[in-house]
Amino acid sequence: MKAIVVKEAGNIEDFTEKEVDKPKVNADEVLIEVHAVSINPVDSAIRKGRMRFKLESPMILGTDISGVISEVGENVTDFSIGDEVFTSYKINRGGGLAEFVSIPEKYVVKKPENVSFEESSALGIAALTAYQLVNKESYEVKAGETVFVQGGSGGVGSYTVQFAKQNGAHVIATTSRNEELLESLGVDQVVNYKEEDVPTAYANKADMLIDTVGQGTETLPVVVEGGRALTPAAPIAEDKAAERNITIDRIVYEINTDQLKKFIDQVAHGELKVAIDQVYPFTQDGVQKAYELSESGHAAGKIAIKVK
Ligand SMILES: NC(=O)c1ccc[n+]([C@@H]2O[C@H](COP(=O)([O-])OP(=O)(O)OC[C@H]3O[C@@H](n4cnc5c(N)ncnc54)[C@H](OP(=O)(O)O)[C@@H]3O)[C@@H](O)[C@H]2O)c1
């Protein structure tokens with residue numbers, strides 16, 4: 001089968017097209033004919049060799065995948081050949097930038113016909129992280145609160161602002177160039193961080209900061225004394241938070257198929273929007289362009305590759 005691979009840890013130019021063996025299907029797995037795969041910053045970190053683990057060479061990146069089931073293992077009970085599905089599988093497995101991938105059935109979720117393969121592939125890590133930020137125990141966003149989302153128009157940010165709105169918050173969110181996207185996602189106040197000095201202009205405006213950029217320490221002044229701040233990116237400095245009695249934490253997302261089911265249902269019913277900046281073709285050039293946009297740090301929402 002065709003795959004777009006990187007042989008060793010390397011740069012965007014190192015992606016090449018390669019014929020590799022079709023994956024085998026274990027008893028509890030399904031084989032998915034991949035239709036779309038979306039990109040996350042962690043894929044770049046894996047490709048660059050910056051994670052504690054390495055994918056087998058040649059590396060096939062991509063864990064947020066959608067497609068059609070083409071084979072089922074002998075113990076599989078919930079899926080049949082022809083089912084349209086999506087998944088967000090373990091980041092240390094990869095496999096998405098290929099024509100076929102095998103995934104344990106417990107990580108696979110059916111998708112309705114009115115949600116596209118590209119949209120369902122773009123939920124995964126970004127939507128899970130956003131939901132787990134907004135609903136983290138002791139940090140839950142509550143109705144009537146003001147939440148400041150640093151990096152509202154990125155992959156994680158575009159879902160975070162929507163889940164915070166679902167919880168009834170007043171949402172302020174930053175962007176440098178995707179104001180219209182944030183308005184379309186229901187953000188109450190859009191802030192262009194290039195035009196304003198955010199920590200000063202928005203000092204003490206929020207009950208909670210959700211920083212998706214890795215600038216939580218610099219942005220902490222937006223939180224009221226005794227408030228809270230969360231990030232999935234670089235940790236917020238404990239001493240700065242303690243000065244104003246702000247509770248802080250950094251989360252690592254968890255795979256949760258029940259949450260993925262909830263998201264796909266919301267997308268199908270128009271209650272959750274999937275912001276996709278670009279869909280690229282499944283070619284060496286398409287994959288390289290997709291990663292260039294992702295690594296620019298300025299995509300409007302998610303980036304997907306149309307594999308089939
Ligand atoms: N710990 C975990 O489990 C976990 C899970 C998922 C993601 N993450 C991390 O979370 C971060 C966000 O992921 P993502 O998928 O949302 O990335 P992304 O789609 O690339 O989003 C980048 C966001 O950062 C903003 N940004 C870029 N440069 C900025 C700057 N100089 N100042 C302020 N904002 C800036 C962008 O806004 P504009 O384009 O509008 O400027 C955009 O909103 C990444 O570091 C990722 O590794 C961690």
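Which residue just after H10 takes a positive phi? The residue is Gly297, with a phi of about 75 degrees; the points below set it in context.

1. Basis of the note. This is a predicted model, in which local features need pLDDT of at least 70 and side-chain atom pairs count only at pLDDT 80 or more, while totals for chains, interfaces and linings use all residues. Residues are numbered from 1 along each chain as its sequence is written. Helices (H or I, at least four residues) and strands (E, at least two) are DSSP runs, numbered from the N terminus.

2. Domains. The chain is assigned domain 1 (2-122 + 274-306) and domain 2 (127-250), with bounds that come from an automatic or database domain assignment. Their C-alpha centres are 29 Å apart. Between the two, 8 residues of domain 1 are in contact with 10 residues of domain 2, contact meaning that the C-beta atoms, placed from the backbone, lie within 7 Å. The side of domain 1 that touches domain 2 comprises 3 nonpolar, 4 polar and 1 charged residues. In this classification Ala, Val, Leu, Ile, Met, Phe, Trp, Tyr, Cys and Pro count as nonpolar, Asp, Glu, Lys and Arg as charged, and the others, Gly among them, as polar.

3. Ligand shell. The ligand lies between domain 1 (2-122 + 274-306) and domain 2 (127-250), because both give residues to the shell around it. Of the 28 residues in question, Gly154, Gly155, Thr175, Ser176 and His298 come nearest; a residue is near a molecule if its C-beta atom, placed from the backbone, lies within 6 Å of it. Two or more residues are given by each of helix H1 (41-47), helix H3 (124-134) and helix H4 (155-166). By class, the shell holds 12 nonpolar, 15 polar and 1 charged residues.

4. Helix H10. Val287, Ala290, Tyr291 and Ser294 are buried in H10. They cover an arc of only 95 degrees around the axis, which puts them on the same side of H10; the arc is that of the directions from the helix axis to the C-beta atoms. A residue is buried if 20 or more other C-beta atoms lie within 10 Å of its own, exposed if 12 or fewer, and partly exposed in between, with C-beta atoms placed from the backbone. The cover over the buried residues of H10 includes strand S1 (2-5), H1, strand S14 (276-281) and strand S15 (302-306). Asp285, Glu292 and Ser296 are exposed on the face turned away from the buried side.

5. Helix H9. H9 (residues 257-268) has 12 residues and reaches 16 Å from its first C-alpha to its last, close to the 16 Å expected. Its buried residues are Leu260, Phe263, Ile264 and Val267. They span an arc of only 95 degrees around the axis, which places them on the same side of H9. These buried residues pack against strand S5 (84-88), strand S7 (108-110), helix H2 (117-121) and H3. H9 is followed by Gly270, with a positive phi near 75 degrees.

6. Backbone points to inspect. The peptide bond from Ser57 to Pro58 is cis, with omega near -5 degrees, and Pro58 lies in the loop between H1 and strand S4 (64-72). Ser138, a residue other than glycine, has a positive phi near 75 degrees and sits in the loop between H3 and strand S8 (146-150).

Notes
The expected span of a helix is 1.5 Å times one less than its number of residues.
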